[in-house]
Every structure is written in structure tokens, then in C-alpha cells.
Amino acid sequence: MYHKVVLIGNLTRDPEMRYTPSGTAVVNFTVATSTKIPKSTNPECPEGWKEGYGGNTWEQTIFWRVTAWRGLAETVNQFLSKGRQVYVEGTMNGTSENGVLNPRTWTGNDGVVRASFEVTARTIKFLGGREAGATEEFGPSEPPPDFVEENEIPF
């Protein structure tokens, strides 16, 4: 099951590059996306949210574990670093229970439950580059060997 995902967020740490035994480049990195709602519309803190900067909002952050393959992986490894803002387009992966795709969850050292979704990147745009307003686009990434293109599905 494949679900298309489009993200805009920031890298939480530098990308981690490795190679498969056959020599295929693969890079992993994590992108954080945040959603804010004003306290005036919801005075009680929703479960899984925290108080935002300035105290006027509730904020929820989702962590997306992103994997890129081959040439896209090498480009990401060369140009991206912690804190960099990116646009990622790809497919979401996860465990499916009762037809629902679920994130990986864990409890942080601070006792807060966190979740991350896993995404295989097809296109990545580097936003907010070294020069103000610079944007670079790379992709599509070649999919992993078991990937099936939408136009190859027989229905």
C-alpha cells in the first residue's frame, strides 16, 4: 500500500549515508513538521500537544523518517544538514492495522509520546538555501527494487 505524501519541514540532524551490499547509495534523515492552533479556539491542551513558543498556541510536532535512494541519496548527503528546510514528495510506509497506516511511536526521555512516519522520497527541494530564497530541486529518486509504479498496477 502506497500513500503519496508532501512535506515541508526542517532536518532534525545531518543525513546518514550508507550503501547496500550491491553498492546502491541510500540516505536516511528526519524531517520535523509542526502544526499550531491558537489557545483562544481551544483553551484545553489537546492530548499529544504542548504549549507553543510565546504561550499563545498549542503545538504538535511530527517526525518523518525519510529515505532517499541512488543519485538522490548522494545529492541529499552532499547538500543537506541539520536545520535545513526541505520539501519532500514521496510515498508513506508503515504498519497497517485494520486498514489504517500507523506511525512508529516511542516515549522520549521527557516522558512525552512521540511518533514518526516513514517516507521513501521521490523528489526533494532544498528550501531556504545558503542564499535567501534559494531553492533547488532534485529527483525523482529511483525507487527500491520492490517498488511498483502506479501505472503498473493492473486495476
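Reader: What makes the contact of Glu 118 with Arg 65 a salt bridge?

Author: In this predicted model, the closest N and O atoms of Glu 118 and Arg 65 are 3.6 Å apart. A salt bridge needs a side-chain nitrogen of Lys or Arg within 4 Å of a carboxyl oxygen of Asp or Glu, and therefore the pair of Glu 118 and Arg 65, at 3.6 Å, is called one.

Reader: What parts of the chain does the pair of Glu 118 and Arg 65 tie together?

Author: Glu 118 belongs to strand S10 and Arg 65 to strand S5, so the pair ties together parts that lie 53 residues apart in sequence.

Reader: Why is Glu 118 called partly exposed?

Author: The relative accessibility of Glu 118 is 33%, and because partly exposed covers what lies between the buried limit of 20% and the exposed limit of 50%, Glu 118 counts as partly exposed. Arg 65, with a relative accessible area of 35%, is partly exposed by the same rule.

Reader: How many salt bridges are there by this rule?

Author: The count comes to four salt bridges, and among them is the one in which the side chains of Lys 4 and Glu 89 meet, at 3.2 Å from N to O. Lys 4 is in strand S1 (residues 3-11) and Glu 89 in strand S6 (residues 85-93), so this pair ties together parts that are 85 residues apart in sequence.

Reader: How do you know whether Lys 4 is buried or exposed?

Author: Lys 4 has 61% relative accessibility, and exposed means over 50%, so Lys 4 counts as exposed.

Reader: How do you know that the buried residues of helix H1 line one face of the helix?

Author: Helix H1 (residues 70-79) has Leu 72, Ala 73, Thr 75 and Val 76 as its buried residues. Seen down the axis of H1, these buried residues fall within an arc of 165°, so they line one face of the helix.

Reader: Which residues have the most contacts inside the largest nonpolar core?

Author: Inside this core of 23 residues, those with the most contacts are Phe 29, Trp 64, Val 66, Val 88 and Ile 124. The elements giving two or more residues to the core are S1, S3, S5, H1, S6 and S10, and S10 gives the most, with five residues.

Reader: What lines the largest pocket?

Author: The largest pocket has a volume of about 380 Å³, and of the 14 residues that line this pocket, the closest to its centre are Gly 48, Thr 61, Val 112, Val 113 and Arg 114. Strand S5 (57-69) and strand S10 (113-127) each supply at least two residues of the lining, while the largest share, five residues, comes from S5. By class, the lining has seven nonpolar, three polar and four charged residues.

Conventions. Residues are numbered from 1 along each chain as its sequence is written. This is a predicted model: local features need pLDDT of at least 70, side-chain atom pairs count only at pLDDT 80 or more; totals for chains, interfaces and linings use all residues. Side-chain values use heavy atoms; hydrogens and water are left out. Buried means under 20% relative accessible area, exposed over 50%, partly exposed in between (1.4 Å probe, protein chains only). Helices (H or I, at least four residues) and strands (E, at least two) are DSSP runs, numbered from the N terminus. The arc is that of the directions from the helix axis to the C-beta atoms. On a 1 Å grid over the protein atoms alone, a cavity is a set of points where a 1.4 Å probe fits but cannot get out, and a pocket is an open set with protein on both sides within 12 Å along at least five of seven lines; lining residues have an atom within 4 Å of a point. Grid points are joined across faces, edges and corners, and a volume is the space filled by probe spheres set on the points. Ala, Val, Leu, Ile, Met, Phe, Trp, Tyr, Cys and Pro count as nonpolar, Asp, Glu, Lys and Arg as charged, and the others, Gly among them, as polar. A nonpolar core is a set of buried Ala, Val, Leu, Ile, Met, Phe, Trp, Tyr and Cys residues joined through side-chain atoms within 4.5 Å.
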